[in-house]
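Please have the viewer open as you read.

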Amino acid sequence: MDMPVTNPNRALWEKGDFTRIAETMRDSGEAFVETLGIRPGMAVLDLGCGDGTTALPAARRGGEVLGVDIAANLVAAGNARARAAGLSNLAFEQGDACDLGGIEDGRFDLVVSLFGAMFAPRPHDVAREMVRVTRPGGRIVMGNWIPGDPTLVAQILKVSAAFAPPPPAGFISPVTWGEEAQVRERFAAAGIPPADIAFARAEWVFRIPGPPSALLDIFRNFYGPTMNAYAAAAKDGREDALHAELLALFEAQNRATDGGTEIPATFLKVTVQRR
């Protein structure tokens with residue numbers, strides 16, 4: 001479906017090139033999909049899929065996979081990756097997690113969203129739509145960054161927000177999807193009893209062969225929230241302060257000892273059973 005270019009969420013994720021971030025986390029995508037029990041023929045929706053970090057592994061395991069993302073450049077990159085991999089059971093299309101119009105009720109056995117749908121602006125609509133397109137007996141699995149968590153991505157978002165302009169009125173922070181009470185309330189409003197929602201902490205890892213400063217450069221140049229923070233900090237004469245704070249974060253959290261970079265980030269894994 002076509003998304004208006006003026007959609008702020010679309011503009012955020014088309015601002016950079018998330019494929020460059022995704023290249024640093026392919027191993028984690030593979031490992032996560034391994035936990036999902038995907039069987040041949042299973043209908044899978046990857047919502048906020050980027051260029052297919054989890055969608056490609058899901059298709060390789062035999063799932064009939066649709067990836068949906070709001071960013072046209074990421075949809076194009078995902079379709080190119082699917083073609084290159086020879087995966088005829090995988091397609092990507094543009095769409096909004098708040099309104100999955102055109103996707104019929106109960107179509108999917110499994111709906112997955114890793115750090116994707118959490119950034120859509122209307123979380124109750126997101127929960128309702130995920131439940132709507134999941135068949136009875138199916139599952140929804142989300143991975144969401146956690147507010148206040150001391151690990152990498154939550155801290156990147158926290159630092160970036162401190163340097164960026166105040167959000168518009170009515171803005172709901174994406175990281176509220178990392179609060180269990182908020183998740184329960186949103187899915188309860190979509191008809192899911194709290195007993196059918198499970199939570200766990202899990203680890204996502206970013207890896208590159210170069211130093212932490214090189215990973216920071218990727219975030220600085222290609223990750224929408226960080227790009228916005230640097231642009232705002234430059235206008236205020238605070239760009240050096242922002243860069244120093246983020247570089248200290250990346251260097252402190254690097255656990256690689258071979259001259260490369262390996263930085264873990266903790267996230268909340270949400271599993272919803274659709275009755």
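The second largest cavity is lined by V33, L36, I38, V44, D46, T54, A55, A58 and V112, and it holds about 40 Å³ of space. The model is predicted, so please read every feature here with that in mind. The points below start with this cavity, then turn to the other spaces, the core and the helices.

**The second largest cavity**
- Two or more of its lining residues come from each of β1 and α4.
- Its lining divides into seven nonpolar residues, one polar and one charged.
- V33 of this lining is also one of the buried residues of helix α3.

**The largest cavity**
- Searching the whole structure turns up two cavities of 30 Å³ or more.
- At least two lining residues come from each of α1, α2 (18-22), β1 (43-47), β2 (64-69) and β6.
- α2 supplies the largest share, three residues.
- By class, 22 of the lining residues are nonpolar, eight polar and four charged.

**F115, a residue to look at**
- F115 sits in the loop between β4 (108-114) and α6.
- Its phi is positive, about 55°, although F115 is not a glycine.
- Most residues other than glycine have a negative phi.
- Is F115 buried or exposed? F115 is buried, with a relative accessible area of 12%.

**The largest pocket**
- The largest pocket has a volume of about 1,000 Å³.
- Its lining counts 35 residues, and those nearest the centre are L12, P167, P168, F171 and P174.
- α1 (8-15), α7 (152-163) and α10 (224-235) each supply at least two residues of this lining, and α7 gives the most, with six.
- The pocket lining comprises 24 nonpolar, eight polar and three charged residues.

- The largest nonpolar core has 89 residues, and W145, F187 and F206 have the most contacts inside it.
- Leaving out residues up to four places away in sequence, F187 touches A127, M130, V131, I140, M142, W177, I192, I197 and V272.
- Helix α8 (residues 180-189) has V183, R186 and F187 buried.
- These three lie on the same side of α8 because they cover an arc of only 90° around the axis.
- In an α-helix there are 3.6 residues a turn, so residues three or four places apart point the same way.
- On the face of α8 turned away from its buried side are the exposed residues A181 and A189.
- The cover over the buried residues of α8 includes α6 (123-132), β5 (134-145), β6 (197-208) and β7 (261-273).
- G191 follows α8 and has a positive phi, near 95°.

**Helix α3**
- In α3 (residues 26-34), the buried residues are S28, G29, F32 and V33.
- Their arc around the axis is only 130°, which puts them on the same side of α3.
- D27 and E34 are exposed on the face turned away from the buried side of α3.
- Among the elements that cover the buried residues of α3 are α4 (55-60), β4, β5, β6 and β7.

Technical notes
Residues are numbered from 1 along each chain as its sequence is written. This is a predicted model: local features need pLDDT of at least 70, side-chain atom pairs count only at pLDDT 80 or more; totals for chains, interfaces and linings use all residues. Side-chain values use heavy atoms; hydrogens and water are left out. On a 1 Å grid over the protein atoms alone, a cavity is a set of points where a 1.4 Å probe fits but cannot get out, and a pocket is an open set with protein on both sides within 12 Å along at least five of seven lines; lining residues have an atom within 4 Å of a point. Grid points are joined across faces, edges and corners, and a volume is the space filled by probe spheres set on the points. Helices (H or I, at least four residues) and strands (E, at least two) are DSSP runs, numbered from the N terminus. Ala, Val, Leu, Ile, Met, Phe, Trp, Tyr, Cys and Pro count as nonpolar, Asp, Glu, Lys and Arg as charged, and the others, Gly among them, as polar. A nonpolar core is a set of buried Ala, Val, Leu, Ile, Met, Phe, Trp, Tyr and Cys residues joined through side-chain atoms within 4.5 Å. Buried means under 20% relative accessible area, exposed over 50%, partly exposed in between (1.4 Å probe, protein chains only). Contact means heavy atoms within 4.5 Å. The arc is that of the directions from the helix axis to the C-beta atoms.
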